[in-house]
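Hi,

Here is the structure I promised to send over. Have a look at it first, and then read on for my notes.

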Amino acid sequence: MKGGDTVTERKVSTQIPVIFQNVEKYEKEDTRFLKVKIWLMHTGINHNGSSFSKEVVDKAIPTLANTPILAFIEEGSTGDRDFSDHRIVLHRNEDGEFNFKYLGSAVGVIPEANNAHWETRVTDSGEVKEYLVVDALMWTKWGDPTDIMNRKGITSQSMELADSYSGSFDDKGVFHFETFSFFGACLLGDDVTPAMESSTVEVQFSQSKDMQNTIENKLKEFYT
């Protein structure tokens with residue numbers, strides 16, 4: 001401060017500017033996530049020889065909150081990198097004991113606000129089945145999973161259940177679940193058949209995003 005200058009008192013402002021945003025619009029434009037729709041499971045008998053009633057599934061819906069979307073990525077039969085299966089290997093630890101090790105990684109999440117509801121669809125075999133459907137998010141920070149989903153637009157899915165469940169077998173050998181908890185949603189590749197027929201994960205594009213994705217795919221094909 002030079003001689004003769006006066007000292008000006010500075011005040012701290014206690015009024016902080018705040019911007020309010022429409023949450024729905026923010027979520028649609030949030031580049032951290034890729035929004036997907038998961039046709040998680042259908043009622044009745046599946047390819048694993050088990051069966052779920054709608055009442056039993058409804059009771060398990062609260063366990064969907066914060067359930068991970070899982071994937072193991074490797075080269076598929078076409079030569080492209082693709083999702084694979086529930087990759088579990090037999091592992092021997094330092095004590096010489098054997099246990100199973102899960103090699104899949106979390107690539108997204110079914111959030112607490114997942115809009116779980118029922119929809120019907122025609123399966124690949126031509127049957128009409130009722131499916132539990134949820135909205136979910138894949139993390140774009142991991143490029144490979146979201147790149148594959150953007151390229152394919154849709155892929156098969158297989159749900160994973162926690163070990164704590166109950167049920168019984170009928171006289172035909174079908175296991176009918178009475179209680180269970182969701183433990184994961186595993187993305188499957190084109191070479192793997194899901195236990196739940198026509199159970200898929202679909203990318204939820206807006207019109208502009210869909211157009212942009214199509215252009216990007218065409219450019220990738222051109223450069224290849």
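One term before the notes: two strands pair if DSSP finds at least two bridges between them. Strands themselves are DSSP runs of E, at least two residues long, while helices are runs of H or I of at least four residues, both numbered from the N terminus.

The housekeeping: this is a predicted model, where local features need pLDDT of at least 70 and side-chain atom pairs count only at pLDDT 80 or more, while totals for chains, interfaces and linings use all residues. Residues are numbered from 1 along each chain as its sequence is written, and side-chain values use heavy atoms, with hydrogens and water left out.

**A sheet to start with**

Phe 169 sits opposite Phe 175 in β14. Strands β13 and β14 (residues 175-179) run antiparallel, with four bridges joining them. They belong to an open sheet of four strands, ordered β2-β3-β14-β13 with mixed pairing. Its edges are β2 (44-45) and β13 (166-169); each has a single partner strand, so one side of each has no neighbour in the sheet.

**The chain overall**

The protein chain has four helices and 16 strands. Of its 224 residues, 35% are buried (under 20% relative accessible area with a 1.4 Å probe, protein chains only; exposed is over 50%, partly exposed in between). Taking contact as heavy atoms within 4.5 Å, 71% of the contacts between residues at least 6 apart in sequence join residues at least 24 apart.

Beyond four places in sequence, the contacts of Ile 38 include Ile 69, Ile 110, Leu 132 and Val 201.

**Ala 71**

Ala 71 lies in strand β4 (residues 67-71) and counts as buried because its relative accessibility is 6%. Leaving out residues up to four places away in sequence, Ala 71 touches Phe 83, Gly 104, Ser 105, Val 107 and Leu 187. Ala 71 and Leu 187 are 116 residues apart in sequence, yet their C-alpha atoms are 5.3 Å apart.

**Helix α3**

In α3 (residues 143-152), the buried residues include Pro 145, Ile 148, Met 149 and Lys 152. Just after α3, Gly 153 has a positive phi of about 80 degrees.

Cheers
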